[in-house]
Amino acid sequence: MRSNFLFTSESVSEGHPDKVADQISDSIVDLFLSKDPEARVACETLTTTNMVVLAGEIRGRGVYENDEWAPGILDEIEATVRATVKRIGYEQSGFHWETFDFSNNLHGQSAHIAQGVDESGNKDEGAGDQGIMFGYATDETPGLMPATLYYSHKILERMAADRHSGVAPFLEPDAKSQVTLRYEDGVPVAATALVVSTQHKPGFCEKGDNADAAKYAELHAYVMGVFRDVLPDGFISDDTKIYINPTGTFEIGGPDGDAGLTGRKIIVDTYGGAAPHGGGAFSGKDPTKVDRSAAYVARYLAKNVVAAGLAKRCTIQLSYAIGIAEPLSVYVDLHGTGTVDEAKLEEALPKLVRLTPKGIREHLKLNAPIYIKTAAYGHFGREPEGNLFTWEKTDLADMLKAEVAG
């Protein structure tokens with residue numbers, strides 16, 4: 001394992017077109033789960049100039065039963081989509097929450113999928129698809145997340161909060177960040193490069209017909225202040241390369257500047273490239289889909305391994321087959337930082353949480369409308385609060401230590 005190196009992660013804001021799509025898809029998941037905790041949802045969203053398109057398969061009481069939409073639900077779906085875009089803040093000529101064209105192409109779930117997934121008789125609920133899922137944790141930050149991604153998220157969260165509150169009225173919703181850190185002895189010690197590209201009001205740019213030097217200086221000073229507030233003291237120095245809107249102008253953004261699709265920011269959603277990622281995205285999927293629920297429980301288990309002091313870094317892989325309840329494999333890698341044998345953990349972890357789709361959903365309380373908050377600034381590294389982000393709890397740490405000590 002290398003101990004001295006540079007590593008980079010990026011994040012995107014809630015107004016990035018792909019993140020707009022993720023949030024719309026998860027708003028539909030929440031709407032349907034609020035009506036039926038057992039609803040089945042696989043909702044994909046396309047966003048582009050003044051247009052939002054939904055597609056996918058759904059089923060649920062009060063939503064879609066017996067090949068028919070429930071009364072009033074189609075209006076609720078459209079209202080939910082428009083409210084999501086309004087909350088993000090899009091009121092631009094090229095993408096406005098009130099006027100974009102909306103197309104709903106959701107339809108009933110395949111009966112062949114349902115027969116493999118649904119619980120019946122002596123048959124346990126099966127996985128909604130085959131696949132591999134990964135969870136990861138590291139002691140680099142208090143939330144046990146990679147530092148590069150942690151700070152990338154925090155930069156954009158702060159900018160979005162300032163935009164919504166009016167502290168930074170020159171900001172528009174679309175933005176990206178990127179953080180490069182230098183590691184020494186495996187510990188992040190300095191920022192070697194920081195990048196922010198943010199959509200802005202006319203004139204707050206360095207180049208172009210609308211360029212205004214004083215306005216750009218205001219934007220530049222604001223972003224520099226965010227960098228200094230978010231990163232630890234001493235991380236930014238004269239040697240840190242700073243790039244703020246390096247193209248010079250960023251007025252056209254969001255879905256008007258680039259099309260957005262659900263599930264296109266999976267590395268931003270997880271570990272910023274510091275750990276492997278499975279084959280599927282999370283947003284738009286109900287928790288019977290192991291792409292989502294098993295990735296959440298893998299993070300939960302990895303975080304508890306690190307929180308228990310059994311390793312400084314932990315990667316866990318789970319695998320499933322469609323229609324089969326139990327995982328096909330459980331794999332643990334402590335990256336040479338562990339105080340316990342990985343094979344012992346592979347035996348212990350399934351004793352603490354039943355790793356079937358139903359077992360995961362019940363343990364983590366996933367059958368609830370909790371997903372819109374996951375769809376921007378990462379699914380992991382967030383503070384658990386009630387039924388929100390339950391997979392970020394470290395309540396297994398003491399039991400895990402006792403289990404491997406026995």
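K19 is buried in this predicted model, at 0% relative accessibility, where buried means under 20% relative accessible area, exposed over 50% and partly exposed in between (1.4 Å probe, protein chains only). Its partner is D269, and the two form a salt bridge with the closest N and O atoms 2.6 Å apart; the term stands for a side-chain nitrogen of Lys or Arg within 4 Å of a carboxyl oxygen of Asp or Glu. The structure holds 26 salt bridges, and a few of them are walked through below.

A quick word on the ground rules: residues are numbered from 1 along each chain as its sequence is written. Because the model is predicted, local features need pLDDT of at least 70 and side-chain atom pairs count only at pLDDT 80 or more, while totals for chains, interfaces and linings use all residues; side-chain values use heavy atoms, with hydrogens and water left out.

- D18 pairs with R264 in a salt bridge, with 2.9 Å between the closest N and O atoms.
- D18 belongs to helix α1 (residues 17–35) and R264 to the loop between β13 (260–261) and α7 (266–269), 246 residues apart.
- D18 is buried at 2% relative accessible area, whereas R264 is partly exposed at 41%.
- K265 joins D18 and R264 in a network of salt bridges.

- E172 and K201 meet through their side chains in a salt bridge of 3.2 Å, N to O.
- E172 lies in strand β10 (residues 171–184) and K201 in the loop between β11 (187–200) and α5 (213–230), so the pair ties together parts 29 residues apart in sequence.
- E172 counts as buried at 15% relative accessibility, and K201 is partly exposed at 32%.

**Positions listed by UniProt**

- Under "binding site", an unreviewed UniProt entry lists several residues, among them D258, R264 and K265; such annotations may be inferred rather than shown by experiment.
- D258 sits in the loop between α6 (254–257) and β13 and is partly exposed at 47% relative accessibility.
- Not counting residues up to four places away in sequence, D258 touches P17 and T47, contact meaning heavy atoms within 4.5 Å.
- Leaving aside neighbours within four places in sequence, R264 is in contact with D18 and A259.

Key:
Helix = DSSP H or I, 4+ residues; strand = E, 2+ residues; numbered from the N terminus.
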